[in-house]
Amino acid sequence: MSTPDEFARTARATLDALERYARDSSRAHGPAIGIGPLDDMIERLDLRRWVRDGGMDEHGFAGFLERYLANTTRLDHPGYVSHQLGPPDTPSALADLVHGRVNNITTVYELGPAATAVENVVTDWMLEKVGFAGDGAGRLTHGGSLGNLTALLAARARAVPESWKRGTPADLAVLAPASVHYSVLRAAAILGLGEDAIVPIASDSLGRLKPSGLATALERAEAAGRSPIAVVASACATATGLHDDLRAVGTFCRERGLWFHVDGAHGVSAVLSARHRHLLDGLDLADSVVWDAHKMLRTSAMCTGVLFRSAQDLARAFDQEASYLMYQDVPGNDLGLQTFEATKAPIGLKLFLNLAWRGEGGLGSYLARQYEKTRRFYRLIRARPWFDCPYEPESNILCFRYRAGGNDLHLEVRRRLAEEGDFHVAATELARIRHFRLTIMSPETEAADIERLLDRIERIASSLGAPPVAEPVAAAAKPA
Ligand SMILES: *Cc1c(COP(=O)(O)O)cnc(C)c1O
């Protein structure tokens with residue numbers, strides 16, 4: 001039987017274990033990643049036996065937790081430089097703990113009065129930051145992918161209001177560069193437009209949308225008998241961390257009366273840094289913006305704002321009644337009909353506490369520090385003759401290539417690094433060429449760690465037969 005006493009006692013022991021975990025991870029005691037075949041992992045954690053036999057008690061839990069933590073990917077670890085997921089800040093972690101015991105939701109006001117108030121205030125703050133104060137409206141949702149789907153649902157509702165009841169007409173289109181996040185393609189498929197309804201906007205060799213390609217894409221859509229419901233740009237693109245020119249796209253959309261959606265899942269947080277805000281110039285021209293707090297605002301997964309310039313667009317997106325559930329006489333207090341989720345976790349609390357505790361300034365300095373470090377890492381990688389960086393990073397995402405190896409070598413080096421465990425890097429293709437991709441999320445990662453990573457890559461590559469005999473190009477001779 002669950003008792004408050006049992007919870008408190010076991011939670012205290014859990015906190016002790018987590019404290020050791022965080023301290024060890026951030027000091028690089030233990031691997032950045034401990035990965036092996038999935039079946040071995042199930043075995044190692046004895047999962048099937050626990051499910052079959054039960055019987056876990058405090059003692060059993062302590063042992064299990066230790067093994068569980070030993071098999072995590074440690075996001076605080078200085079060698080963890082792979083994905084857009086980071087170590088949550090303390091206030092966010094506290095919010096998760098509170099939610100885990102309290103379990104209020106924001107579907108209807110009566111199931112989470114404080115949680116609903118928090119969500120309202122947090123979305124108001126996000127609206128103000130993207131320039132939608134006044135007429136705007138927004139909701140929190142579980143991730144940027146759902147956010148993109150919500151925004152495009154709203155765009156469809158504006159273009160074809162009856163589509164909620166009658167379904168999606170066959171002649172709609174969405175204009176987007178090929179570098180757009182795959183969730184935008186999924187959204188087109190889920191909404192019944194179909195992936196083929198995405199009309200590509202020309203992009204440069206790094207995948208950035210070319211503003212000069214906008215008119216051509218629109219003509220191509222119209223020539224194919226399709227009417228565009230939205231134009232999508234990225235701030236920033238997931239693969240490269242580079243920003244599309246929002247002002248150019250926004251201006252074009254205003255002139256042509258098109259819905260402008262900014263997928264700012266990763267990069268919109270840069271509005272909090274005076275040094276980096278310029279990357280988002282033109283954001284206020286958008287009709288909708290998606291902004292993940294679990295990327296650069298240091299919450300746990302997930303917490304996403306889906307924000308609309310006009311409250312009417314949000315209201316129209318979900319054109320449905322559910323009178324059995326929604327009986328608040330104050331409109332707008334029951335948030336459940338304005339998101340996909342029915343039961344929705346009070347995810348706003350994580351962002352609220354980070355903001356209340358660290359302040360906008362504190363969150364902005366974290367971002368600025370990670371972005372500036374990444375630029376230093378870029379210089380350091382470029383200075384090494386065997387490595388090539390195709391562009392100067394604008395965010396904390398950085399791609400580079402080992403000059404003497406092809407696509408397979410990059411994948412093999414990445415695999416071996418993960419097997420050794422000290423470094424975890426990602427890999428992505430830019431114009432079909434495999435690159436290592438770093439996302440600098442841990443506050444602990446410093447230049448010395450990147451130097452060690454590069455040494456390690458060189459060593460693994462040469463053990464695989466690269467570099468070959470040819471001399472590397474001197475760093476000074478490389479194009480800027
Ligand atoms: C991360 C990301 C997404 C997906 O967001 P999730 O929160 O992972 O669902 C969408 N678009 C961009 C540009 C991203 O970087």
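Which strands does helix α15 lie across, and at about what angle does α15 run to β11? I looked this up in the predicted model. Helix α15 (residues 407–420) lies across β9, β10 and β11 and runs at about 30° to β11.

**Entry: the four-stranded sheet**

I traced the sheet next. It is open, has four strands in the order β8-β9-β11-β10, and pairs in the antiparallel sense. I noted β8 (387–388) and β10 (426–430) at the edges; each has a single partner strand, so one side of each lacks a neighbour in the sheet. I then looked at strand β9 (residues 397–402) and strand β11 (residues 433–439), which are antiparallel and joined by four bridges. Phe-400 has Phe-436 of β11 opposite. Helix α16 (residues 447–463) also lies on strands: I found α16 across β8, β9 and β11, at about 30° to β9.

**Entry: helix α15**

I checked the length of α15. Its 14 residues reach 20 Å from first C-alpha to last, close to the 20 Å expected at 1.5 Å a residue. I listed Leu-409, His-410, Val-413, Leu-417 and Ala-418 as buried in α15. The buried residues of α15 pack against β9, β11 and α16. After α15 comes Gly-421, with a positive phi near 95°.

**Entry: Arg-434**

Is Arg-434 buried or exposed? I found Arg-434 in strand β11. Arg-434 counts as buried because its relative accessible area is 18%, under the 20% cut-off. Apart from neighbours within four places in sequence, Arg-434 contacts Arg-401, Asn-407, His-410, Leu-411, Ala-427, Thr-428 and Glu-429. His-410 in that list is one of the buried residues of α15.

**Entry: helix α1**

I repeated the length check on helix α1 (residues 4–26). Its 23 residues should span 33 Å at 1.5 Å a residue, and the end C-alpha atoms are 32 Å apart, so the two agree. Ala-11, Thr-14, Ala-17, Tyr-21 and Ser-25 are buried in α1. I recalled that an α-helix has 3.6 residues a turn, so residues three or four places apart point the same way. The buried residues of α1 pack against α4 (58–70). Just after α1, I noted Ala-28 with a positive phi of about 60°.

**Entry: the β2–β3 crossover**

In which sense do strands β2 and β3 pair? I found strand β2 (residues 172–177) and strand β3 (residues 198–201) parallel, over four bridges. Between them the chain passes through helix α9 (residues 182–190), and this β-α-β crossover is right-handed. Ala-176 is opposite Pro-200 of β3.

**Entry: nonpolar cores**

I looked up the largest nonpolar core and found 53 residues in it; Leu-283, Val-289, Trp-291 and Leu-351 have the most contacts inside it. A second, separate core has 30 residues, including Leu-152, Leu-153, Ala-188 and Phe-318. I went back to Val-289 and listed what it touches. Not counting residues up to four places away in sequence, Val-289 touches Val-130, Phe-132, His-261, Val-262, Val-268, Leu-283, Gly-305, Val-306 and Leu-307.

**Entry: Ser-269**

Where is Ser-269 placed? I located Ser-269 in the loop between β5 (260–263) and β6 (288–292). Ser-269 is buried, with a relative accessible area of 1%. With neighbours within four places in sequence left aside, its contacts are Trp-291, Asp-292, Met-296, Leu-297 and Leu-367.

Note on methods. Residues numbered from 1 in each chain as written. Predicted model: local features only at pLDDT ≥ 70, side-chain atom pairs only at ≥ 80, totals over all residues. Heavy atoms only, no water. Pairing = 2+ DSSP bridges. Helix = DSSP H or I, 4+ residues; strand = E, 2+ residues; numbered from the N terminus. Contact = heavy atoms within 4.5 Å. Axes fitted to C-alpha atoms, helices over the stretch in contact; angles between N-to-C directions. Expected span 1.5 Å × (residues − 1). Buried < 20%, exposed > 50% of the residue type's maximum accessible area, 1.4 Å probe, protein only. Right-handed = clockwise from strand over helix to strand, strands pointing away. Core = buried A, V, L, I, M, F, W, Y, C linked by side-chain atoms within 4.5 Å.
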